Structures are given as C-alpha cells and as structure tokens.
Amino acid sequence: MKYRKNLFNAMIMEADQLIKVMDNVKVLKSLELCKLPKVLNGKKVTIISENDAKNCVPQVALWSVTQSLGGEIMPITFDWHNLTSKKDFGKMISRCYDLVLVETKHCRDIITFSEGCEIPVVYCGCGMYQPLEGLANILTIGEHFGRLSHLKFGWVGPGCSALNTYMMMLPRFGIPISYNCTSNPNFPVQPICYDKSYTLSRMHSTNLNNCKTAKEAIKNSDIIATTVHNIQCQQITTEVRSVN
C-alpha cells in the first residue's frame, strides 16, 4: 500500500521518527498554555469523523490542542459510505482548509481521501488502529519509566484496536509483547495484525507471545494493559497480578 507524503501516519513510522514526534510533544507540554507557540495561527483546521463515532474524547483533545496552537477548528461528521468519491472529497476539503485530521471505520478510506488532498492529512484512527492514542500512551510510559528500553508489555482482554496498535508500535522500540485475548485457552484468538506484528518483532529482535492464560501474559511485565470487557477469567485481580 502506497502512502502520500502529505499523510501523517504514525502506524508506519520508525522508532526514531516516533521519538522525534514525542520529543516535540514533551517540549510543548513543558510550556505554560499562554506560552505555546501559535504555529497554527491563521490556519483553518477540520476534524472529519464517522457519524457513529463512539469515542469523542480524542476529538475533544485534538480540538483543544488545535485552538491552543492558534488554529481555527471546524469539525465535520458524516457517513463516509455516502460519498461517491473520497478522493474528490479530499480535493474539495483542500480548497477550504489548511490541515485535516481524519478518523474513519476503514483505513483504506483515509488513504484514498489523502490521495485527493493537497494539504497535510493526519491519520487519527480507524476501526483497526488508534495511532494518536497509542503514541500518547507510549509517551506516558516513557515519561513514567524514564526510558522505553528493557520494558515488558502484557495485555489481558479481547482483541481490539488498542491491542492492534500496541502490536504494531511497541516492537519498533524493542518492547516484547505477551498477550492473552481469549477466554478459552484451547482456541487462542489471534489479532488481525498478528503477522505484521510478528514480522516487526523479528526485525527488531524482540518477542511476540500469544499466552494461554492471563497470569502467563502479565508475568514479570512492567506494563499491563486491557480494555473494557466482561470476561471473568481475564479480570486483572490482585491474585493474578501477584504472579510477578
């Protein structure tokens, strides 16, 4: 799959590129709100999302950051399936705005949309991955430990976009992943991006482990992650955590 140079996609960036982005974010975080550089001053920015988007928190955060950097924000929400041509829609948006942030159900929609754009496009997320949230969480991990090396990541819970994102990003930093995302150890559920993550793990000399139990997944882990679910045997309890 080819990506245009105007598309900012954290899912395909290497570790050194991601670190540069996070270093810039750290600089901005260290400044008082009134001292933030108005790098978007006079720029028109839009956030495009699906009609049925369930998680509005990232959008609110992006809205706030854009305004803090001096940008004029305008959100657009609609059903992408009603578009005759996503590429033509990208051309139209380019005439009205200077920057666009996009979140859709399907990654392909963002790629096609960016092909018609002549302005920067930020890939905020889709049904498969949540790159900006993943990058923010990795930044928090780095700030907490003071490093991203020599850490172990454990996941317990169903497969989802959050797990997919970690599986695509963490191997680039050499962080091994152990996960348990099934309530039945006899039928392990492989995340959709398993093959890509396995290849990345091999490339960066780290491990990707599909574990049969929650205890095995979080054993000796430095970071434990999960998502909302009702699977009793995947509850991260004090008893389960004590295996470390």
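Residues are numbered from 1 along each chain as its sequence is written, and side-chain values use heavy atoms, with hydrogens and water left out. As the model is predicted, local features need pLDDT of at least 70 and side-chain atom pairs count only at pLDDT 80 or more, while totals for chains, interfaces and linings use all residues.

Start with the largest pocket, which holds about 1,300 Å³ of space. A pocket here is an open set of points on a 1 Å grid over the protein atoms alone, where a 1.4 Å probe fits, with protein on both sides within 12 Å along at least five of seven lines; lining residues have an atom within 4 Å of a point. Points are joined across faces, edges and corners, and the volume is the space filled by probe spheres set on them. Of the 36 lining residues, Val 25, Leu 28, Leu 62, Val 65 and Leu 132 are the closest to the centre of the largest pocket. The lining draws at least two residues from each of α1, α2 (57-68), β4 (99-103), β5 (121-125) and α5 (131-145). These labels are DSSP runs numbered from the N terminus, helices being H or I with at least four residues and strands E with at least two. Helix α2 gives the most, with eight residues. By type, the lining splits into 26 nonpolar, six polar and four charged residues (nonpolar: Ala, Val, Leu, Ile, Met, Phe, Trp, Tyr, Cys and Pro; charged: Asp, Glu, Lys and Arg; polar: the others, Gly among them).

Next come the helices. In α3 (residues 86-96), the buried residues include Lys 86, Phe 89, Gly 90, Ile 93 and Ser 94; buried means under 20% relative accessible area, exposed over 50%, and partly exposed in between, with a 1.4 Å probe and protein chains only. They sit on the same side of α3 because they cover an arc of only 145° around the axis, the arc being that of the directions from the helix axis to the C-beta atoms. This buried set packs against β2 (44-50), β3 (72-78), β4 and α4 (107-116), where contact means heavy atoms within 4.5 Å.

Helix α4 is mostly covered, with seven of its ten residues buried. Among them are Ile 110, Ile 111 and Phe 113, and the buried residues of α4 pack against β1, β2, α3, β4 and β5.

In α7 (194-203), the buried residues are Ser 197, Leu 200 and Ser 201. They fall within an arc of 100° seen down the axis, so they line one face of α7. Turned away from that buried side are the exposed residues Asp 195, Arg 202 and Met 203. The buried residues of α7 pack against α6 and β8.

Now for the loops. Most residues other than glycine have a negative phi. Just after α7, though, Ser 205 takes a positive phi of about 55°, and it counts as exposed because its relative accessibility is 71%. Asn 220, in the loop between α8 (214-218) and β9 (223-225), also has a positive phi, of about 60°.

Asn 9 sits in the loop between β1 (7-8) and α1 (15-30) and counts as buried, at 4% relative accessibility. A polar atom of the Asn 9 side chain lies 3.0 Å from the backbone nitrogen of Met 11.

Definitions and conventions: Polar contact = N/O pair within 3.5 Å; in protein donor to acceptor, adjacent residues only side chain to side chain.
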